Amino acid sequence: MKKVLFILSLLLLIGCKSKTGGNKTEDLKISKVLPAEVNNNQQNKAYELGKRVLMTCNTSKFKPFNETEVTPSVMANTTEDRLTKTCQKFRQWYGAFKDLKLDGVYKTKHETIYRYRALYEKKVANKELRVYVNQENLISAIKSLDWDETFESKLIEK
């Protein structure tokens, strides 16, 4: 009887083996783009749309995105109400938004990432804005994060 239970539990363990192939390493690789290889039109678009979002904190007015600028998910998630809540915190902690300074351009298999240092009135602000542009030249994500000095050391080279 013990042998039967042992064999059944062994078969159960083999049958429950974890699946592989969910996230391929190739899809996760991020590499730095050389300045000569940067698409200037795409860079300008990323800058303008990123700045438009953060300027909402100063003006309390947001010009909604359209389908030629962003993906439907970004359009749905970037509402004036959500921006207002975020902006209240940002203005209180960092002061007025001044500008974006491009720190680097990076590429994954499916997107180009524009990494900006967000400049605020108060010097304690150490924020970054990442603007993700997909292959259709649409903004697929906009993320505000704390600045990470070690970002480039985490990159996986080609």
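Biologist: Is Thr78 buried or exposed?
Modeller: In this predicted model, Thr78 has a relative accessible area of 16%, and because buried means under 20%, Thr78 counts as buried.

Biologist: Where does Thr78 lie?
Modeller: Thr78 is in the loop between helix 4 (72-77) and helix 5.

Biologist: What does the side chain of Thr78 reach?
Modeller: The side chain comes to 2.7 Å from the backbone oxygen of Val74. Leaving aside neighbours within four places in sequence, Thr78 is also in contact with Phe62, Phe65 and Leu83.

Biologist: Turning to cysteines, how many disulfides does a search of the whole structure find?
Modeller: The search finds 1 disulfide. Cys57 is joined to Cys87, with an S to S distance of 2.1 Å. The pair links distant parts of the chain, 30 residues apart: Cys57 belongs to helix 3 (residues 40-59) and Cys87 to helix 5 (residues 80-94).

Biologist: Are Cys57 and Cys87 buried or exposed?
Modeller: Both Cys57 and Cys87 are buried.

Biologist: Why is the disulfide left-handed?
Modeller: The torsion about the S-S bond of Cys57 and Cys87 is about -75 degrees, so the disulfide is left-handed.

Biologist: Staying with helix 3, what should its 20 residues span?
Modeller: At 1.5 Å a residue they should span 28 Å, and the end C-alpha atoms are 27 Å apart, which agrees.

Biologist: On to strand 4: how many of its residues are buried?
Modeller: The strand is mostly covered, with 8 of its 8 residues buried. Lys127, Leu129, Val131 and Val133 point one way, while Glu128, Arg130, Tyr132 and Asn134 point the other way.

Biologist: In which sense does strand 4 pair with strand 3?
Modeller: Strand 3 and strand 4 are antiparallel over 8 bridges, and Thr112 stands opposite Val133. They form a hairpin with 6 residues between them.

Biologist: What about strand 4 and strand 5?
Modeller: Strand 4 and strand 5 are also antiparallel, over 7 bridges, with Leu129 opposite Ser144. Their hairpin has 4 residues between the strands, and Asn137 in the turn has a positive phi of about 65 degrees.

Terms used
Residues numbered from 1 in each chain as written. Predicted model: local features only at pLDDT ≥ 70, side-chain atom pairs only at ≥ 80, totals over all residues. Heavy atoms only, no water. Disulfide = S-S within 2.5 Å. Helix = DSSP H or I, 4+ residues; strand = E, 2+ residues; numbered from the N terminus. Buried < 20%, exposed > 50% of the residue type's maximum accessible area, 1.4 Å probe, protein only. Expected span 1.5 Å × (residues − 1). Polar contact = N/O pair within 3.5 Å; in protein donor to acceptor, adjacent residues only side chain to side chain. Contact = heavy atoms within 4.5 Å. Pairing = 2+ DSSP bridges.
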